[in-house]
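Q: Could you take me through one part of this protein slowly, as if I were seeing it for the first time? I would like to know which residues sit where, and what they pack against.

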Amino acid sequence: GPEKPLADGIVDYLEKFKIKVFGPNKIASQLESSKIFTKKLCEKYKIPTANFGIFSNNKSALTFLKNCKFPIVIKADGLAAGKGVYISENFFEASKAVEEIFEGKFGQAENLLIEEFLNGEEMSFFIISDGQSYKMFGTAQDHKRVFEGDKGKNTGGMGAYSPSRLETKNLSLKIIKKIIEPTL
């Protein structure tokens, strides 16, 4: 469903009135609503993620980009309907992305995230937890870029399939043992 009501705290609101609801609370919703929140969480708990920097203005972001290896990924912090991610092939594209984000293309941006480009396929691994136990719900892969062969701008999603062909029993066990079980 739409992410904004979750990010605004609809689950917390409904729970206050003892209405049963399935979804992340406002704090957990930040995993989707704030790319910076998620990166800091990964950093804190040593969850593997691309190297990144957080920037609050054009000048610092552009200074950083001058020393980057391209392609580079630039993300607007906050909800952007799946479109706030730029994969920039050069400094010109990257500087345009920074400018668009800070000019409000995806709403008021206080910060943006710049991270290294990781080549490969992305897989979503779905798990729900009540904080004491968990249940796995499989995997999915989506296609975000507009053209064949992962070319062009990111979109809100060009389609998805499940289960992902990348999923293996060994990978699932690694995720459970390394990430899920230590947090329960």
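**A helix and its strands**

A: The protein chain exposes about 12600 Å², and carbon and sulfur atoms supply 56% of that area. Please keep in mind that this is a predicted model.

Let's begin with the whole chain and then zoom in. There are 7 helices and 9 strands in the protein chain. Its radius of gyration is 18 Å, close to the 16 Å that the globule rule gives for 184 residues, so the chain is as compact as a globular protein of that length. Of the 184 residues, 29% count as buried. Among contacts with a separation of 6 or more, 50% are made by residues 24 or more positions apart.

Which residues of α7 are buried? They are Ser172, Ile175, Ile176 and Ile180. These residues cover an arc of only 95° around the axis, which puts them on the same side of α7. Turn to the face of α7 pointing away from the buried side, and you will find the exposed residues Lys174, Lys177 and Lys178.

What do the buried residues of α7 pack against? Their partners are the strands β5 and β6. Strand β5 runs over residues 124–129 and strand β6 over residues 134–142, and the two pair in the antiparallel sense over 5 bridges. Within this pairing, Ile127 has Met136 in β6 as its bridge partner. The hairpin of β5 and β6 has 4 residues between the strands, and there Gly131 takes a positive phi near 95°.

Strand β6 has another pairing to show you. It also pairs with strand β9, residues 160–161, in the antiparallel sense over 2 bridges. Here Gln141 has Tyr161 in β9 as its bridge partner.

To finish, let's visit another helix. Lys16 lies in helix α2, which spans residues 10–16. At 61% relative accessibility, Lys16 counts as exposed, because the cut-off for exposed is over 50%. Lys16 and Phe137 are 121 residues apart along the chain, and their C-alpha atoms are separated by 27 Å.

Conventions:
Residues are numbered from 1 along each chain as its sequence is written. This is a predicted model: local features need pLDDT of at least 70, side-chain atom pairs count only at pLDDT 80 or more; totals for chains, interfaces and linings use all residues. Side-chain values use heavy atoms; hydrogens and water are left out. Two strands pair if DSSP finds at least two bridges between them. Buried means under 20% relative accessible area, exposed over 50%, partly exposed in between (1.4 Å probe, protein chains only). The arc is that of the directions from the helix axis to the C-beta atoms. Contact means heavy atoms within 4.5 Å. The radius of gyration is taken over C-alpha atoms; the globule rule is 2.2 Å times the number of residues to the power 0.38. Accessible areas come from the Shrake-Rupley method with a 1.4 Å probe; for residues, only the protein chains shown count as cover.
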